[in-house]
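Here are my notes on the model, for whenever you have it open. I went through the aromatic rings and then the sheet.

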Amino acid sequence: MVEKTNRLSFERMLRDVLREYRKKGSISEKGVIANDLLAAMTRGVRTFGMKLVKQENGMPGVRIFADGMEYSALEKELSPRAVITEYLKAWFTAELLAREFGICDAEDLCFAMEVDEEAVVIPSQVVSDFVSSRENPSNTRAWKNCRKVALDHLDWFERVDAIMIYGVLPVRKIA
């Protein structure tokens with residue numbers, strides 16, 4: 001079962017960004033992490049990062065960066081797990097958008113996941129989830145859900161096909 005958050009379902013987000021990009025040639029920011037990262041991508045950002053950190057209270061936290069600048073609109077009420085899910089949704093969708101619309105070469109996109117040394121020692125399921133997501137995002141529930149939704153809605157695409165969807169392999173881009 002995919003973790004529920006107050007974020008849009010991947011299916012709705014994917015449908016909405018495809019429609020919006022077809023209509024306007026860009027994606028507007030909506031205050032939703034995945035959507036906002038995709039909006040940055042359509043404005044030319046190609047490098048994204050997510051870093052697991054130890055917060056002042058000793059708990060694990062997640063920071064997101066776009067072109068080296070911290071993404072400051074990160075909602076405080078979202079759990080680190082929900083932030084990880086949103087980041088993976090943006091990553092998967094960015095790869096599809098690059099292929100569907102030729103926004104950029106998908107190989108030019110860089111989605112990195114880093115772990116601060118201090119955060120590794122925090123005994124937490126969040127840390128374990130982050131580290132396993134970093135090692136192979138395609139093994140996560142979020143990534144598998146994104147792939148399933150995209151495959152279920154091939155009719156939404158003109159250029160992307162099942163082979164391209166299965167070709168979205170994040171392992172080659174991990175920093």
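**Aromatic pairs and the sheet**

1. Phe-111 is buried, at 1% relative accessibility, where buried means under 20% relative accessible area, exposed over 50% and partly exposed in between (1.4 Å probe, protein chains only). Phe-48 is buried too, with a relative accessible area of 2%.

2. Some housekeeping before going on. This is a predicted model, with local features needing pLDDT of at least 70 and side-chain atom pairs counting only at pLDDT 80 or more, while totals for chains, interfaces and linings use all residues. Residues are numbered from 1 along each chain as its sequence is written, and side-chain values use heavy atoms, with hydrogens and water left out.

3. On to the ring pairs. Rings of Phe, Tyr and Trp (its six-membered ring) pair if their centres lie within 6.5 Å; planes under 30 degrees apart count as stacked, over 60 as edge-to-face and the rest as tilted. By this rule there are eight aromatic pairs. One of them is Phe-48 with Phe-111, which is stacked at 4.6 Å centre to centre, with 15 degrees between the planes. That pair links distant parts of the chain: Phe-48 sits in strand β1 (residues 47-54) and Phe-111 in strand β4 (residues 110-115), 63 residues apart. Helices (H or I, at least four residues) and strands (E, at least two) are DSSP runs, numbered from the N terminus.

4. Tyr-87 is buried at 0% relative accessibility, and Trp-91 is buried with a relative accessible area of 0%.

5. Which residues do ring pairs link into a cluster? They are Phe-10, Phe-48, Tyr-87, Trp-91, Phe-92, Phe-111 and Trp-143.

6. Now the sheet. It is open, with four strands in the order β3-β2-β1-β4 and mixed pairing; two strands pair if DSSP finds at least two bridges between them. At the edges are β3 (69-70) and β4, each pairing on one side only. Strands β1 and β4 run parallel and are joined by six bridges. Thr-47 has Cys-110 in β4 as its bridge partner.

7. Last, the helices over the sheet. Helix α3 lies across β1, β2 (60-66) and β4, running at about 155 degrees to β4. Helix α5 (residues 125-135) also lies across β1, β2 and β4, at about 140 degrees to β4. Contact here means heavy atoms within 4.5 Å. Axes are lines fitted to C-alpha atoms, for helices over the stretch in contact, and angles run from 0 to 180 degrees between N-to-C directions.
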